[in-house]
Amino acid sequence: MTAAWFLVLVALALGLARAGPLPTSEPASPRRGCDIGKFKSLPPTEWKVFQKAKDALENSLKNPNYSFCLFRRNWELTQLQVWERPVALEAELTLTLKVLETMADLSLGNILDQPLHILHYIHSELQACISPQPITGPRPSNRLCHWLHRLQKAPEKLSQDCLQSTVTFNLFRLLKRDLNCVAKGDLCI
């Protein structure tokens with residue numbers, strides 16, 4: 001009889017072990033490793049690095065008249081749903097990195113090394129905060145879809161001068177306003 005109870009207990013233990021961990025009272029975080037809140041403000045040393053890079057970028061531009069050919073002045077992340085904002089910022093950062101890397105390869109490598117490193121770090125942290133779009137649930141707004149499409153097609157449709165100028169003049173807006181808004185989450189209104 002004892003052997004039978006022992007076998008029942010072993011079978012029960014094996015069944016529970018295969019079932020996985022028991023749920024706890026604390027919900028699991030859907031965005032594990034996401035700490036974008038640390039970018040509410042960058043340290044002053046990083047601002048100085050970006051200011052030096054921006055000055056050098058502005059001096060290297062062939063035609064600074066293109067400053068708003070892609071990023072319109074009326075573009076505000078607050079026009080998007082809170083969950084869409086990191087997606088839009090990630091797309092902006094992706095394009096910014098591509099353009100700045102091209103400029104670094106051409107002539108500004110030493111000046112852009114540190115800003116590119118910082119931007120890559122922010123980009124990787126931001127990617128940890130973006131969950132894949134589920135099949136069900138909220139759908140992206142038309143505004144977000146339009147903006148993402150425009151950013152994706154920009155390298156094909158705009159001249160290199162226009163892209164360089166736009167990214168240069170948008171850099172501080174991206175770092176101060178857009179990154180700060182995403183870092184604040186639903187407190188950004």
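Q: What share of the protein's residues count as buried?

A: Buried means under 20% relative accessible area, exposed means over 50%, and partly exposed lies in between, with a 1.4 Å probe and protein chains only. Of the 189 residues here, 37% count as buried. This is a predicted model, where local features need pLDDT of at least 70 and side-chain atom pairs count only at pLDDT 80 or more, while totals for chains, interfaces and linings use all residues. Residues are numbered from 1 along each chain as its sequence is written, and side-chain values use heavy atoms, with hydrogens and water left out.

Q: How many helices and strands does the protein have?

A: Both are DSSP runs, numbered from the N terminus: helices are H or I with at least four residues, strands are E with at least two. The protein has five helices and zero strands. Along the sequence the pattern reads α-α-α-α-α.

Q: How far apart in sequence are the residues that contacts join?

A: Contact means heavy atoms within 4.5 Å. Take the contacts between residues at least 6 apart in sequence: 88% of them join residues at least 24 apart.

Q: What span should helix α2 have, and what do its end C-alpha atoms give?

A: The expected span is 1.5 Å times one less than the number of residues. Helix α2 covers residues 44-60, which is 17 residues, so it should span 24 Å. Its end C-alpha atoms are 24 Å apart, which agrees.

Q: Which residues of α2 are buried?

A: They are V49, F50, A53, K54, A56 and L57. Next, look down the helix axis. The arc is taken from the directions from the axis to the C-beta atoms. In α2 the buried residues fall within an arc of 165 degrees, so they line one face of the helix. On the other side, P44, T45, K48, K52 and N59 are exposed.

Q: Which residues have the most contacts inside the largest nonpolar core?

A: A nonpolar core is a set of buried Ala, Val, Leu, Ile, Met, Phe, Trp, Tyr and Cys residues, joined through side-chain atoms within 4.5 Å. The largest one here has 43 residues. Those with the most contacts inside it are F50, L100, M103, L112, L119, I122 and L175. Elements giving two or more residues to this core are α2, α3 (85-127), α4 (142-157) and α5 (160-184). The largest share, 17 residues, comes from α3.

Q: What does M103 touch?

A: Residues up to four places away in sequence are not counted. M103 then touches L57, S60, L61, L108, L112, Q164 and T168.

Q: Is T96 buried or exposed?

A: T96 sits in helix α3. Its relative accessibility is 1%, so T96 counts as buried. Leaving aside neighbours within four places in sequence, T96 contacts L119, V167, L171 and L174.

Q: How does T102 compare with that reading?

A: T102 is also placed in helix α3. At 31% relative accessibility, T102 counts as partly exposed.

Q: How many aromatic pairs does the structure hold?

A: Rings of Phe, Tyr and Trp (its six-membered ring) pair if their centres lie within 6.5 Å; planes under 30 degrees apart count as stacked, over 60 as edge-to-face and the rest as tilted. The structure holds two such pairs. In one, the ring centres of F39 and Y121 are 5.9 Å apart and the planes stand at 70 degrees, so the pair is edge-to-face. F39 is in the loop between α1 (2-19) and α2, and Y121 is in helix α3, 82 residues apart. F39 is buried at 6% relative accessible area, whereas Y121 is partly exposed at 38%.

Q: What kind of pair do W47 and F172 form?

A: The pair is stacked, at 5.6 Å centre to centre with 20 degrees between the planes. W47 lies in helix α2 and F172 in helix α5, so the pair ties together parts 125 residues apart in sequence. W47 is partly exposed at 21% relative accessible area, while F172 is buried at 14%.

Q: Which residue lies over the face of W47?

A: A charge sits over a ring if NZ of Lys or CZ of Arg is within 6 Å of the ring centre and within 35 degrees of the ring normal. Here K176 lies over the face of W47, at 5.4 Å from the ring centre.

Q: What does C34 touch?

A: C34 is in the loop between α1 and α2. Not counting residues up to four places away in sequence, C34 touches A128 and C129. The C-alpha atoms of C34 and C129 are separated by 4.8 Å, though the two are 95 residues apart along the chain. C34 is partly exposed, with a relative accessible area of 23%.
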